[in-house]
Amino acid sequence: MKDVQQRILAGAPEANLQRPSELLVQIRNALYRAVRDERLVPKGDLAQIVQLTQDRNDPTKFVLTGGIKDFRRDEANARLIRDDLAWFHFTITLQVPPGGSVEVLGYDFEIVFPRSHQPPWIRFDYNLPGTDNEARNIRSHVHPGSDDLQLPAPILRPIELVELYVNHLRPRDPEKQRR
Amino acid sequence: MTIGPLSVATWPLAARLADVAAMTNVWQLLVVPEGRQAELAAEMVNELTALLDRAVAHFAVDTAMAMEDVVRSDLDAPLILTVSPDFSEVEWRTIDMARTRLERNGQTLLIMTAAAVGRLPSLAPNLWSWISDGVWTYAPEGGLGADERAQRLDSLRSHFRFDDAELMRRVASGELLIDADIGEWLVLIGQGNLLVKS
């Protein structure tokens with residue numbers, strides 16, 4: 001899978017952002033529009049649900065979080081809830097080198113579907129660089145409802161993942177869902 | 001006097017203004033630190049424009065006549081007004097006498113320093129009666145609060161079944177696959193320097 005890994009990394013998009021707060025605003029704006037279009041029914045205030053936190057010791061590192069982190073996928077912790085009751089949460093790790101622009105070091109974006117939906121959830125992971133994980137894993141992959149299975153995935157911009165989850169990752173025909 | 005007991009950053013305020021876009025003659029005031037009026041006004045314009053999907057007018061005014069002119073130039077557009085700290089007592093009294101001429105359909109956000117706002121309720125009581133329910137003091141966002149941070153860290157520690165010291169040991173030894181969860185954990189405990197060399 002080494003070639004696949006190299007091809008995926010070669011296609012990594014530039015963030016094209018000078019400050020992490022620009023990404024925060026970009027994501028909040030997309031979510032706000034989704035609320036206005038009745039595609040998203042958040043539980044709480046978007047400004048509280050989506051936040052940017054700087055490392056208190058290393059000012060070049062940031063984490064941008066959306067929703068509550070709950071590995072058990074308890075729907076009581078759903079915050080970014082779609083109109084069809086699917087819900088998602090995410091974590092984006094960012095770096096801004098001195099004098100440089102924003103680099104997305106890694107992310108995970110998980111969407112949990114309503115009960116009885118198959119697969120029950122999907123997660124896009126983009127692991128961070130700098131460890132030997134590249135020998136063991138494809139850094140950018142998607143879990144199709146199982147932590148044991150990984151499919152190679154393109155590296156997407158965080159805003160593209162938000163738009164994918166809000167607008168596109170839905171049944172083509174909600175009245176006739178395929179197995 | 002106490003002004004703007006409610007603190008707010010620019011995006012949450014822009015979202016509040018966008019939420020009430022259908023209401024007429026909404027006046028709000030953002031109190032900002034000395035010297036940051038232009039920068040924060042630009043941020044408000046950008047954020048409100050994106051949320052409303054329409055142009056937001058912005059003017060800096062230093063006289064009553066200038067203020068009345070721009071307020072009346074387009075009664076429907078959302079308007080952000082940076083009011084000069086040099087706005088004199090006479091200017092405020094003039095504006096207040098003309099308050100009915102300032103009535104608009106769109107929202108109006110005044111951006112002023114605390115020193116300039118101090119005299120506003122007494123100099124322009126009629127205008128202040130429009131504004132007084134929407135007075136905000138600018139405060140930058142600080143990210144996750146202590147409770148939210150603790151919840152996320154608890155969730156990470158119980159999922160991975162080790163503590164912060166063990167996390168750092170495993171990261172330093174290179175044995176741990178660093179995914180976004182581990183990245184978040186390191187940043188939240190102030191150890192983001194372990195992620196990659198900056």
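Colleague: How do the residues lining the largest pocket divide into nonpolar, polar and charged?

Modeller: This is a predicted model. Sort the lining by residue class. Here 11 are nonpolar, 8 polar and 8 charged. The lining counts 27 residues. The pocket holds about 710 Å³ of space.

Colleague: Which elements give two or more residues to that lining?

Modeller: Both chains take part. Chain A supplies helix H2 (20-36) and strand S1 (50-54), and chain B supplies helix H1 (10-19) and helix H2 (37-52). H2(A) gives the most, with 8 residues.

Colleague: Which residues lie nearest the pocket's centre?

Modeller: A:Arg19, A:Ser21, A:Leu24, A:Val25 and B:Glu43.

Colleague: Now the cavities. How many reach 30 Å³ or more?

Modeller: There is 1. About 30 Å³ of space lies in the largest cavity. Its lining includes B:Leu17, B:Leu48 and B:Pro78. Strand S4 (79-83) and S5 of chain B each supply at least two lining residues. By class, 6 are nonpolar, 2 polar and none charged.

Colleague: Where does B:Gly106 sit?

Modeller: Look for the flanking elements. B:Gly106 is in the loop between helix H4 (89-97) and strand S5 (108-113) of chain B.

Colleague: Is B:Gly106 buried or exposed?

Modeller: Compare the relative accessible area with the cut-off. Buried means under 20%. B:Gly106 has 7%, so this glycine is buried.

Colleague: What is B:Gly106 in contact with, leaving aside neighbours within four places in sequence?

Modeller: B:Asn25, B:Val26, B:Leu75, B:Asp76 and B:Ala77. B:Glu89 is 17 residues away in sequence, and 26 Å separates the two C-alpha atoms.

Technical notes: Residues numbered from 1 in each chain as written. Chains lettered and ligands numbered in written order. Predicted model: local features only at pLDDT ≥ 70, side-chain atom pairs only at ≥ 80, totals over all residues. Heavy atoms only, no water. Helix = DSSP H or I, 4+ residues; strand = E, 2+ residues; numbered from the N terminus. Buried < 20%, exposed > 50% of the residue type's maximum accessible area, 1.4 Å probe, protein only. Contact = heavy atoms within 4.5 Å. 1 Å grid on protein atoms, 1.4 Å probe; cavity = no way out; pocket = protein on both sides within 12 Å on 5 of 7 lines; lining within 4 Å. Points joined across faces, edges and corners; volume = space filled by probe spheres on them. Nonpolar A, V, L, I, M, F, W, Y, C, P; charged D, E, K, R; others polar.
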